[in-house]
Amino acid sequence: MVNLSPLAQKFILHFGEMGSRWGINRTVGQIYALLYVSNRPLNADEIAEHLEFSRSNVSMGLKELQSWRLVKLLHQPNDRREYFEPPKDVWDIFKALLEERRRREVEPTLSMLRDAMLESASTAEDRYAQERMREMYELIELSSSWFDDVQRLSPDTLVSLMKMGSTVKKLLDVGDVVRGKFRSSRSEAEEDTK
């Protein structure tokens, strides 16, 4: 890597490795990491020089990042080259990643599950399989609905919600205990009436 601090290099290399675990290739991950830590928009030639990648690899990587809405194309006055930068707000980046993963992975799965549940199940094995698919469909639908609600929250509200994580869990645990005691007392009352 050329003209980059050791700190930036470490981040870029790590992000490239992590990218391959998230379903993007190492080159795309490194291009994104460079743009993320850069204090100004960069053009493709600058990216290629810093990362020592071919111009064609950079071009393909930038197209991939644009398709994920993780970089924006900019133009500078009196310069015909295209410049790129990531969204400034980390919450916008997070939302774009989740939306794209949902569009690319979750929606096709929901579509397949809907189609499978509409098929006629003629055997006990098929009925069992359809019931399991229905359970999966309902869980994915529920999480998608929750995701839609979260998408509408402001970044400040999202931060507050995330910071409340353990508090919310404790509140839900108390609710479970209360519901359990209510069910138990109701069952005992029903037994007494028999």
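This is a predicted model: local features need pLDDT of at least 70, side-chain atom pairs count only at pLDDT 80 or more; totals for chains, interfaces and linings use all residues.
Trainee: What order do the strands of the open sheet have?
Mentor: The order is β1-β3-β2, in a sheet of three strands with antiparallel pairing.

Trainee: Which strands stand at the edges, then?
Mentor: Those are β1 (42-43) and β2 (72-75). Each has a single partner strand, so one side of each is left without a neighbour in the sheet.

Trainee: How many bridges join β2 to β3?
Mentor: Four bridges join them, and β3 covers residues 82-85. Within this pairing, His75 has Glu82 in β3 as its bridge partner.

Trainee: Turning to aromatics, how many pairs are there in the whole structure?
Mentor: The search finds five aromatic pairs. Phe11, Phe15, Tyr32 and Tyr36 are linked into a cluster by ring pairs.

Trainee: And what is the space in the largest pocket?
Mentor: It is about 340 Å³. The pocket is lined by 17 residues, and the closest to its centre are Phe15, Trp22, Tyr32, Leu70 and Leu97.

Trainee: Which helix gives the most to that lining?
Mentor: That is α5, with five residues. The lining divides into 14 nonpolar residues, one polar and two charged.

Trainee: What volume does the second largest pocket have?
Mentor: Its volume is about 290 Å³. Of its 14 lining residues, Phe94, Leu98, Ser143, Trp146 and Phe147 are the closest to the centre.

Trainee: Which elements give two or more residues there?
Mentor: They are α5, α6 (124-151) and α7 (155-163). Here too α5 gives the most, with six residues.

Conventions. Residues are numbered from 1 along each chain as its sequence is written. Side-chain values use heavy atoms; hydrogens and water are left out. Two strands pair if DSSP finds at least two bridges between them. Rings of Phe, Tyr and Trp (its six-membered ring) pair if their centres lie within 6.5 Å; planes under 30 degrees apart count as stacked, over 60 as edge-to-face and the rest as tilted. On a 1 Å grid over the protein atoms alone, a cavity is a set of points where a 1.4 Å probe fits but cannot get out, and a pocket is an open set with protein on both sides within 12 Å along at least five of seven lines; lining residues have an atom within 4 Å of a point. Grid points are joined across faces, edges and corners, and a volume is the space filled by probe spheres set on the points. Ala, Val, Leu, Ile, Met, Phe, Trp, Tyr, Cys and Pro count as nonpolar, Asp, Glu, Lys and Arg as charged, and the others, Gly among them, as polar.
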